[in-house]
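Hello,

Here is the structure I said I would pass on. My notes on the fold and on the ligand site follow it.

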Amino acid sequence: MRIPFENGLVLDFDLIKEWDDISSFNCRDEDLNDFLRTDALKNQQSRLSITWLVRWNGNLVGFCTLINDSIKTRWINPGDGEHGYRYLHYPALKIARLATRQDFERRGIGTAMLDYATAVAIKLSDEISGCRILTVDSKNDSIEFYQSFGFKLANTETIGDTVPLYKDIYGTRAE
Ligand SMILES: CC(C)(COP(=O)(O)OP(=O)(O)OC[C@H]1O[C@@H](n2cnc3c(N)ncnc32)[C@H](O)[C@@H]1OP(=O)(O)O)[C@@H](O)C(=O)NCCC(=O)NCCS
């Protein structure tokens with residue numbers, strides 16, 4: 001699926017397949033490289049996550065893995081979420097992995113993948129099932145990246161080497 005983005009990029013998003021050659025992909029985080037090579041396809045086949053491969057001019061320049069999620073209501077800051085919400089969790093979509101190939105960083109590909117994940121959450125909640133919050137467990141180095149797109153720190157402890165962030169998508173429309 002070819003998608004033109006607001007920042008001028010035109011990227012192809014395709015779900016990972018058995019025959020995809022992912023050997024050229026290398027981002028700055030070895031865990032993420034390892035996930036793509038070892039687990040992404042397997043987890044998709046097991047219905048545990050889906051992974052979108054992102055290509056620019058035929059080059060594999062990024063990937064983004066999405067899963068259904070929920071977030072504890074008490075992790076959301078006052079002012080976000082729904083006034084008077086009575087339940088313990090909000091329905092959510094998690095950006096489980098997101099990475100740009102290192103030699104293609106700072107060209108807007110991470111932004112485009114975030115826009116795409118947001119559009120998926122909006123489509124879900126418009127047409128398929130409730131989805132109010134976008135979540136991500138960020139690596140320390142990428143917290144500011146997510147914060148610059150409106151993600152906030154969740155009211156909870158750090159989980160392992162990642163930091164939970166969320167974004168309330170109420171009122172957000174797809175571009
Ligand atoms: C974080 C990451 C996805 C950013 O991807 P990218 O394609 O370089 O992002 P963009 O080019 O769209 O950058 C958008 C903006 O965020 C800024 N930015 C990028 N990486 C950043 C970071 N780590 N911290 C703070 N700001 C960052 C850019 O400077 C840019 O700002 P500008 O528009 O003012 O120039 C990429 O660096 C990466 O894959 N890192 C390793 C894996 C990782 O940490 N993934 C996320 C955690 S799960």
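Eight strands form an open sheet with mixed pairing, in the order E1-E2-E3-E4-E5-E6-E8-E7 (strands, E, at least two residues, and helices, H or I, at least four, are DSSP runs numbered from the N terminus; two strands pair if DSSP finds at least two bridges between them). Strand E1 (2–4) and strand E7 (152–153) are at the edges with a single partner strand each, so one side of each has no neighbour in the sheet.

This is a predicted model: local features need pLDDT of at least 70, side-chain atom pairs count only at pLDDT 80 or more, and totals for chains, interfaces and linings use all residues. Residues are numbered from 1 along each chain as its sequence is written, and side-chain values use heavy atoms, with hydrogens and water left out.

Strand E2 (residues 10–15) and strand E3 (residues 50–56) are antiparallel and share four bridges; Leu15 is opposite Trp52 in E3.

Now the ligand. Its shell has 18 residues, of which Arg106, Gly108, Gly110, Thr111 and Ser142 come nearest (near means a heavy atom within 4 Å). Strand E5 (89–100), helix H2 (109–128) and helix H3 (143–147) each supply at least two shell residues.

Polar contacts are pairs of N or O atoms within 3.5 Å; within protein, one must be able to donate a hydrogen and the other to accept it, and residues adjacent in sequence count only if both atoms are side-chain atoms. An N or O atom in the side chain of Thr111 is 2.5 Å from a ligand oxygen atom. A backbone N or O atom of Asp141 is 3.0 Å from a ligand nitrogen atom.

Regards
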